Amino acid sequence: MNNGGVDAAVAPVGGPQPLEWKFSQVFGERTAGEEIQEVDIISAIEFNRTGDHLATGDRGGRVVLFERTDTRDHVGHRRDLEKMDYPMNRHPVFRYKTEFQSHEPEFDYLKSLEIEEKINKIRWCQSANGALSLLSTNDKTIKFWKVQEKKVKKVCSMNVDSTKAMGNSPIVGSSMSTSSRQYIANGGCTSNDFSFPTGGFPSLHLPVVTSHETNLMARCRRIFGHAHDYHINSISNNSDGETFISADDLRINLWNLETNSQSFNIIDVKPANMEDLTEVITSAEFHPTHCNMLAYSSSKGLVRLIDMRQSALCDRHSKLFVEQEAPGSRSFFTDIIASISDIKFAKDGRHMLSRDYLTLKLWDMNMDSGPVKTFQVHEYLRPKLCDLYENDSIFDKFECCLSGDGLRVATGSYSNLFRVFGCSEGSKEATTLEASKTPMRRQSLTSSRPLRSLGSSLGVVRRVKGADTSAPDANGNTFDFATKLLHLAWHPTENSLACAASNSLYMYYA
């Protein structure tokens with residue numbers, strides 16, 4: 001595109017060199033022939049603000065926390081670190097921390113509907129007093145969790161062995177009858193296995209309460225429920241640290257973290273007559289720095305930017321981000337593949353990333369005429385749209401993410417593949433990796449066009465008879481639609497990716 005000033009704001013001219021990704025670690029790796037349990041499939045993944053903790057949610061309603069260990073193992077004075085022969089280009093290493101059951105299956109008796117326990121989204125909240133705080137949601141209920149270490153307290157420095165005598169109570173484990181017990185002056189009793197020292201105790205010690213070990217405890221602080229008639233697809237924390245939003249297909253509600261008794265409906269797209277419904281909300285996200293701004297996407301391929309200062313009910317957008325449709329390119333699948341499955345703001349708040357079925361688009365918040373860059377992710381699937389519609393794969397919702405420096409973007413694909421693109425001006429980086437211990441095994445998925453003009457043709461759909469669960473790309477590689485990488489997250493400060501492939505969590509660094 002000719003708006004060089006906008007592109008220059010993304011990254012310096014020329015851009016960095018393509019990254020070489022390496023396998024770091026895997027949690028929950030499958031063995032050959034192992035059957036995957038439905039409840040173990042990962043459905044959400046999220047780094048916290050510092051990148052020291054990682055949370056995953058699964059279809060069984062569990063939340064699993066991981067903590068970073070490579071920074072804690074090498075803490076010391078700067079001079080000591082300089083003397084050590086230790087490479088400074090270390091990559092993040094995580095270990096299992098704890099897990100807890102966040103949601104249970106429920107049943108709505110009024111609507112006769114089962115409510116799955118599957119975790120749809122996880123969002124970290126600001127930590128306080130060493131405790132970790134996060135929000136997790138299923139289709140109907142949001143829960144605010146606090147995870148912290150609790151010290152296990154024990155009583156020690158007793159005058160007598162606590163296993164044999166406990167204060168004035170009978171001796172523990174004694175099988176003697178009451179009549180055969182010998183009582184002493186202070187009300188206690190003795191038995192054959194306990195002897196009172198000659199001359200009594202030289203001194204009496206007051207019992208002391210000490211903490212010998214710590215256990216991680218997860219406690220649900222608040223439950224935010226009964227506010228959504230439709231399935232919740234998004235939750236997002238505000239930069240003010242006090243409020244958050246939750247979005248379903250037709251409404252977006254604003255909550256205060258300290259109050260679960262009420263919420264404010266700030267966006268409502270439900271028509272008076274449901275037969276007039278033409279679009280639904282698919283994703284919503286708060287601006288990372290402006291607490292009054294939020295964006296939400298729709299099934300029509302639109303992203304609306306909202307300023308909450310304009311009115312209590314934000315039924316008017318301040319900006320509308322949409323790519324104009326090329327003349328003559330409309331087909332039966334146009335609206336389906338245009339539906340946006342995920343949006344993410346860049347860390348600086350200047351750019352925004354959106355993911356539809358075929359492409360990944362990077363937007364400049366100051367230019368709503370069209371995306372500054374468009375990355376082709378599934379262009380090779382265009383001739384297979386009819387088959388994808390028949391097996392419902394066309395409705396798969398892939399997530400996207402940006403690197404902390406804003407120079408790269410990533411999203412998932414089929415056959416447990418994910419793609420990393422460089423978004424700086426002139427960058428040709430388009431790396432394809434596989435969620436396995438050899439990520440660079442399949443590097444070329446298809447030739448990427450990182451830049452596309454607004455008037456470029458979307459092409460014509462060719463109808464192919466017979467549904468299939470695989471499709472070849474431009475290089476002849478066959479891809480399996482049954483294995484798909486929907487969820488991934490980029491470390492906020494380093495080039496490290498966490499990807500969820502079925503029930504396994506893979507981590508990579510560059």
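Let me start with a word we will need: a residue is called buried when its relative accessible area is under 20%. Hello everyone, and keep in mind throughout that what we are looking at is a predicted model.

With that cut-off, take C499: its relative accessibility is 0%, so C499 counts as buried. C125 is buried too, because its relative accessibility is 11%. Over the whole model, the disulfide count comes to zero.

Next, how far can we trust what we see? The protein chain has an average pLDDT of 82, and 77% of the residues reach at least 70. Which elements sit at the two ends of the confidence range? Helix α1, residues 4-10, has the lowest mean pLDDT, 43, while β8 has the highest, 98. Two stretches need some care. Over residues 165-181 the pLDDT stays under 50, and the model gives them 20 contacts beyond four places in sequence. Residues 444-468 also stay under 50, with 66 such contacts. Where pLDDT is low, the predicted coordinates should not be read in detail.

So let's go to β8 itself. It belongs to an open sheet of four strands, ordered β8-β9-β10-β13, with antiparallel pairing. β8 (121-124) and β13 (208-224) are the edge strands, each with a single partner, so one side of each has no neighbour in the sheet. From one strand to the next, the twist averages 25°. β8 is joined to β9, residues 132-137, by four bridges, and the two run antiparallel. If you want a spot to look at, R123 stands opposite L135 in β9.

Now for another pair of strands, β32 and β33. Strand β32 covers residues 487-490; H487 and A489 point one way, L488 and W490 point the other way, and all of them are buried. β32 pairs with β33, residues 496-501, in the antiparallel sense through four bridges. A hairpin of five residues joins the two strands, and A489 has A498 as its bridge partner in β33.

Is R408 buried or exposed? It is buried, because its relative accessible area is 2%. Leaving aside neighbours within four places in sequence, the contacts of R408 include P16, Q17, L19, C401, V420, E429 and W490. R408 and V420 are twelve residues apart in sequence, with their C-alpha atoms 6.8 Å apart in space.

Last, the aromatic rings. The model has 20 aromatic pairs. One of them is F398 with Y414: the ring centres are 5.3 Å apart and the planes meet at 85°, so this pair is edge-to-face. It links distant parts of the chain, 16 residues apart: F398 is in the loop between α4 (385-390) and β26 (400-402), and Y414 in the loop between β27 (408-412) and β28 (417-422). Both partners are buried, F398 with a relative accessible area of 1% and Y414 at 0% relative accessibility. Finally, F23, F418, Y506 and Y508 come together in one aromatic cluster.

Definitions and conventions:
Residues are numbered from 1 along each chain as its sequence is written. This is a predicted model: local features need pLDDT of at least 70, side-chain atom pairs count only at pLDDT 80 or more; totals for chains, interfaces and linings use all residues. Side-chain values use heavy atoms; hydrogens and water are left out. Two strands pair if DSSP finds at least two bridges between them. Axes are lines fitted to C-alpha atoms, for helices over the stretch in contact, and angles run from 0 to 180 degrees between N-to-C directions. A disulfide is a pair of cysteine sulfur atoms within 2.5 Å. Buried means under 20% relative accessible area, exposed over 50%, partly exposed in between (1.4 Å probe, protein chains only). pLDDT is the predictor's confidence in each residue, from 0 to 100. Contact means heavy atoms within 4.5 Å. Rings of Phe, Tyr and Trp (its six-membered ring) pair if their centres lie within 6.5 Å; planes under 30 degrees apart count as stacked, over 60 as edge-to-face and the rest as tilted.
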